[in-house]
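Take a look at the structure below. Where are its pockets, and which aromatic rings pair up?

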Amino acid sequence: MNLVLKGKNAIITGASKGIGRSIALALVEEGINVAICARGEEALQDAKEQLLEKEIKVYAESCDLGDTKKFDAFLDTVKSTFGTVDILVNNASALSLCEEYTAWETSINIDLLASVKGTRKVVPWMIASGSGSVLFISSVSGLEADSPAAYAAAKAALISYSKTLSAQLAPKNIRVNTIAPGSVEFSGRLWKIVKEHDKPFYDHTVDTIPSGRLGRPDEIGKVAAYLVSPCASWVTGTCLSADGEQHRGN
């Protein structure tokens, strides 16, 4: 694809694995300089090396988004390194799926508040440069019931926040959108583990998806690249499900 993005600068949070890493890969394919962060140093450096194969600028820093000072410092370093930030992808998730109170704390702090903090920090830079694109990675769990409550509530809040923000920022030439992925399978994370340890539940989940399979991270990455590009210049305030028709609400 040629999405007219070459030379732009992007930040992707939670980008060492899975969906975040695939979004970063899709963006560097378009010639974008990327800054990535995640908690795990080893996976982060592995992602950095893969991204550098495209001969663009890559900045990677281990960062716990729950630590406001460290997250703020990461964003400032990216700004000073790249000069501008044209794209912000709020992807990081605690993936807290239990029913304990701690799941509420981590889901709110990482999935929701870290996205809010990052957005509030970066948007003024976009306003100063005259344009920008903000993308939130939510989930189909934020669109309907039958998911762990804390995780679903945080993902629903992202969709609502994105919609409100899009109306506020559209006059300033800044677009704000959300992707709601369905069940996505990749090594070392939830659905791979479920497949190995609870095959009946895995098979049941696949049976609920009309497309007959779980998604791949690269399928979300390509959608993300389109949404943040000038090719989607008239798309803002949208929550786009990328789920093989797993979510079937009107």
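What follows covers the pockets and then the aromatic rings of this predicted model.

Start with the largest pocket. It holds about 1400 Å³ of space. Its lining counts 50 residues, and Leu 95, Leu 97, Tyr 151, Leu 190 and Trp 191 are the closest to its centre. Helix α6 gives the most, with four residues. By class, the lining has 22 nonpolar, 19 polar and nine charged residues.

Now turn to the second largest pocket. Its volume is about 300 Å³. The lining has 16 residues, with Ser 131, Gly 132, Ser 133, Asn 173 and Arg 175 nearest the centre. Strands β5 (132-137) and β6 (174-181) each give two or more residues to it. Here the classes are six nonpolar, seven polar and three charged residues.

The aromatic pairs come next, and there are two. Tyr 59 and Phe 74 are stacked, with 6.1 Å centre to centre and 25° between the planes. Tyr 59 belongs to strand β3 and Phe 74 to helix α3, 15 residues apart. Tyr 59 is partly exposed, at 21% relative accessible area. Phe 74 is buried, at 0%.

The other pair is Phe 136 and Tyr 161. Their planes lie at 70°, so the pair is edge-to-face, with ring centres 5.6 Å apart. Phe 136 is in strand β5 and Tyr 161 in helix α5, so the pair ties together parts 25 residues apart in sequence. Phe 136 is buried, at 0% relative accessible area.

The charged end of Lys 79 sits over the ring of Trp 125, 5.7 Å from its centre.

Notes. Residues numbered from 1 in each chain as written. Predicted model: local features only at pLDDT ≥ 70, side-chain atom pairs only at ≥ 80, totals over all residues. Heavy atoms only, no water. 1 Å grid on protein atoms, 1.4 Å probe; cavity = no way out; pocket = protein on both sides within 12 Å on 5 of 7 lines; lining within 4 Å. Points joined across faces, edges and corners; volume = space filled by probe spheres on them. Nonpolar A, V, L, I, M, F, W, Y, C, P; charged D, E, K, R; others polar. Phe/Tyr/Trp six-rings, centres within 6.5 Å; stacked < 30°, edge-to-face > 60°. Buried < 20%, exposed > 50% of the residue type's maximum accessible area, 1.4 Å probe, protein only. Lys NZ or Arg CZ within 6 Å of the ring centre and 35° of its normal.
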